Amino acid sequence: MDILRHYWTKLQASLLLVPLLMSVVAIAAATLLIDSRMLARPLPEWLHTGSASAARDLLNALLGGMIAMFSLVLSITIVVLTVAASQIGSRLIRSFLDDRATQFVIGLFLATLLYLLSVLPAIDEREFAPVPHLAIAVATGLCAICLLALLYYVNKLAHSIVFDHAASRVAHDIRRTCAVLHDRCDEDATPAPDAERDVQAAFRAACAFPIGDSGYVQSISYASLVELARRLDVVIRLDVRPGQWVNAETVCIAASQPLPERARRQVRNGIIVGSERTPTQDVEYGLQRLVEMAVRALSPGVNDVFTALAAVDNLGASVAFVFARPPQTRVLRDADGGARVIRDVSTPSGILEAAFNQIRQAGAAMPAVSIRLLDALGRLATNIRSEEQRDATLQQIEAVYESARCDAMIRMDAQAVVRRYRDALACVRGALTPEPR
């Protein structure tokens with residue numbers, strides 16, 4: 001199921017699925033409307049488009065206009081993607097391609113073009129030949145809709161390259177990824193404080209083998225690995241998680257007993273390795289897309305502090321959402337309760353480091369960035385659910401304060417940083433402290 005979800009997410013983030021489906025519908029509609037049985041039906045007077053020659057001239061004019069508009073849509077899209085890649089970050093292009101409105105508008109123009117190309121050859125200019133008036137009326141209506149869609153599309157693209165809007169879209173993707181990570185395996189797993197200790201003895205004579213391919217781990221089918229381990233009556237340990245880079249000879253898979261080559265191939269088939277990271281199971285990838293936006297904004301060539309602050313706000317909200325979710329279970333069990341897969345999962349410390357480390361380093365000399373980072377970390381107090389999360393947050397607060405270089409600031413800025421530092425510490429330290437009765 002995880003593998004199918006990975007490919008489905010990858011297909012959704014392309015300009016292929018929606019335009020292709022709409023094109024198929026357009027061709028099917030054109031075939032239906034020019035059918036001889038449809039041409040024989042009487043139609044209202046207002047649907048009549050004149051003679052066959054006039055209908056052909058009208059379709060030719062519509063076709064020429066649609067080609068020009070479709071070229072304009074593609075040109076605008078390429079320009080916006082170029083601007084987004086150069087100013088916001090190339091990894092954020094996925095958010096533009098994943099947008100349903102963009103896919104629908106491009107699909108609408110492509111479907112209209114194919115519809116016109118399908119109807120035009122069906123017009124017979126011979127005397128007494130039936131004219132597909134209904135098909136021509138539908139073509140005229142589609143072209144009118146395309147004009148309105150063009151205005152909507154230009155307005156949407158203008159908003160999409162605003163940094164605040166782009167950061168909000170990435171934060172939404174992070175929340176969506178985090179929500180789907182708690183799949184069936186997590187629900188069936190029985191977490192326990194000493195769950196890993198119960199199965200460590202199985203790995204004293206473990207059989208380890210490499211992953212067999214180089215690249216980023218994009219997706220892991222934990223459900224299929226649990227089922228495979230149950231059939232083989234072994235425990236499988238994965239020392240890698242989605243988002244990490246692996247070499248072909250990296251030994252990151254182990255089993256509680258030696259596995260035949262066929263079983264090893266089945267284990268490898270449950271792990272997808274590719275040339276780029278994907279958000280299917282990788283929460284840290286979404287965080288790093290926001291980090292890239294902030295670090296680019298803080299570079300000397302751009303020096304756009306407001307964009308960095310917007311990215312920090314969205315990062316804080318995203319980390320808060322991750323903290324509020326139940327933690328992923330390291331030990332996955334089968335239906336009978338037996339431990340079958342031990343996996344590597346993201347830790348609160350790793351989440352916070354992925355979200356704030358590079359921004360903290362890039363904005364160390366900017367009091368506004370340090371203040372906003374401390375504010376974002378302090379707001380995490382309401383979402384902290386464990387001691388591990390609290391300790392990791394406190395560690396990150398200390399790191400931001402040490403990087404702020406208060407001794408190099410003017411007194412007013414230094415006082416503001418110290419005040420935010422103390423407020424953040426007080427909020428986070430009291431996160432799990434029970435209120436006195």
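Which residues form a nonpolar patch on the surface? Val79, Val83 and Ile161 do, with about 200 Å² of accessible area together.

This is a predicted model, where local features need pLDDT of at least 70 and side-chain atom pairs pLDDT 80 or more, while totals for chains, interfaces and linings use all residues. Residues are numbered from 1 along each chain as its sequence is written, and side-chain values use heavy atoms, without hydrogens and water.

**View 1. The surface patch around Val79.** Nonpolar side chains are joined within 5 Å, like charges within 9 Å. Areas are Shrake-Rupley values with a 1.4 Å probe. Val79 lies in helix 4. Helices are DSSP runs of H or I, at least four residues, numbered from the N terminus. Val79 is exposed (over 50%), at a relative accessible area of 52%.

**View 2. Ala158 and Val80.** Ala158 belongs to helix 7, residues 133–160. Val80 is 78 residues away in sequence, yet the C-alpha to C-alpha separation is 8.5 Å.

**View 3. The largest nonpolar core.** A core joins buried (under 20%) Ala, Val, Leu, Ile, Met, Phe, Trp, Tyr and Cys through side-chain atoms within 4.5 Å. Helix 4 (residues 52–88) gives the most, 13 residues. Another core, of 24 residues, lies apart and includes Cys252 and Val267.

Methods
Buried < 20%, exposed > 50% of the residue type's maximum accessible area, 1.4 Å probe, protein only. Helix = DSSP H or I, 4+ residues; strand = E, 2+ residues; numbered from the N terminus. Patch = residues over 30% accessible without salt bridge, like charges linked within 9 Å, V, L, I, M, F, W, Y side chains within 5 Å. Salt bridge = Lys/Arg side-chain N within 4 Å of Asp/Glu carboxyl O.
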